Amino acid sequence: MQAWRVHENGEPGEVMQLDETDRPEPGPGQVLLKVRATGLNFPDALLCRGQYQVRPPLPFTPGVEICAETEDGRRVIATPALPYGGLAEYAVADEAALLPAPEALDDAEAAALHIGYQTGWFGLHRRAGLREGETLLVHAAAGGVGSAAVQLGKAAGATVIGVVGGADKAAVARGIGCDVVVDRHAEDVVAAVKEATGGRGADVIYDPVGGAAYEQSAKLVAFEGRILIVGFASGTVPAPALNHALIKNYSIVGLHWGLYNLKDPAAVLRCHETLTALAAKGLVKPYVSERVAFADAADAVQRISEGTTTGRLVVLPEGARA
């Protein structure tokens with residue numbers, strides 16, 4: 001089979017190479033899956049660089065999110081078991097963690113539903129306790145993780161403010177449902193959000209960026225608000241001033257969604273059932289901005305790592321319909 005593999009760590013566009021290799025052999029409790037679509041994520045770039053919290057043995061295949069077909073013909077969503085990731089014709093996954101692909105979504109959309117939307121749902125509901133009528137601010141709202149949070153916030157009845165970088169991303173954020181869009185390249189984010197909220201700020205702030213975005217969040221969080229930390233795409237991990245959180249009465253809440261797979265897998269299944277129901281009602285639908293040919297996967301992962309993409313990029317196997 002063909003598989004994209006990383007033989008040494010570095011930039012995705014430089015170290016990912018297309019190999020001809022054997023199909024992986026499933027271990028105990030695992031299954032072999034025929035890949036139908038692979039959703040690309042920022043962690044794929046971190047894996048290539050050797051900077052992710054999981055460091056699979058070299059060589060490995062990136063691709064942490066797939067829609068695939070089991071040997072008995074079931075269409076499923078899965079998180080592949082590294083080193084046999086999803087950027088290949090076949091991948092391996094734990095059988096107990098397979099989830100049915102929603103009928104309302106095609107293969108590319110289904111592949112993009114899992115990690116970003118599970119992260120958004122657990123973050124907004126389990127960790128931040130988002131309530132109907134509250135104001136949600138989403139940093140990087142036009143990106144893969146941010147766009148999922150926007151849709152889930154709207155589905156929960158929140159007013160959603162999206163912060164983006166550039167006019168093109170602003171147009172995307174409006175298109176996916178943001179009530180207010182702030183272009184950080186053209187506007188003062190703090191002033192614009194305070195104006196939009198009558199000086200109150202946001203009840204929940206969804207931050208997959210870190211760095212300067214977190215500094216803005218601390219200035220914009222409302223009384224009894226919650227700043228939800230889901231990642232550091234900027235490359236800078238903030239060092240919050242806890243005296244500031246004390247004085248302003250807000251919470252700093254962290255989320256590592258992957259821990260739920262270990263600590264509470266039943267909650268992951270319940271979340272998937274909720275997401276499937278929302279997709280059936282048309283309340284959530286992954287914004288797949290590009291359906292990428294298999295041969296172009298390395299370039300796509302590189303572009304994600306550089307922050308130049310919007311929505312979700314999904315790689316389709318050779319011969320699949322775009």
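Q: Which residue forms a salt bridge with R126?

A: Side chains of opposite charge can pair when their charged atoms come close. A salt bridge here means a side-chain nitrogen of Lys or Arg within 4 Å of a carboxyl oxygen of Asp or Glu. In this case R126 pairs with D264, and their closest N and O atoms are 3.7 Å apart. R126 lies in helix α4 (residues 114-127) and D264 in the loop between α10 (258-263) and α11, so the pair ties together parts 138 residues apart in sequence. Helices are DSSP runs of H or I with at least four residues, strands are runs of E with at least two, and both are numbered from the N terminus.

Q: What kind of model am I looking at?

A: This is a predicted model, where local features need pLDDT of at least 70 and side-chain atom pairs count only at pLDDT 80 or more, while totals for chains, interfaces and linings use all residues. Residues are numbered from 1 along each chain as its sequence is written, and side-chain values use heavy atoms, with hydrogens and water left out.

Q: How many salt bridges does a search of the whole structure find?

A: The search finds 16. One of them joins E109 to K285, with the closest N and O atoms 2.9 Å apart. This pair links distant parts of the chain, 176 residues apart: E109 sits in helix α3 (residues 107-111), and K285 in the loop between α11 and β14 (288-293). E109 is buried, at 8% relative accessible area, whereas K285 is partly exposed at 44%.

Q: How many residues does the largest nonpolar core have?

A: In soluble globular proteins, nonpolar side chains tend to be buried together. A nonpolar core is a set of buried Ala, Val, Leu, Ile, Met, Phe, Trp, Tyr and Cys residues joined through side-chain atoms within 4.5 Å. The largest core here has 73 residues, and F122 and L136 have the most contacts inside it. Helix α11 (residues 265-280) gives the most to this core, with six residues. Apart from it lies another core of 18 residues, including L137 and Y250.

Key: Buried means under 20% relative accessible area, exposed over 50%, partly exposed in between (1.4 Å probe, protein chains only).
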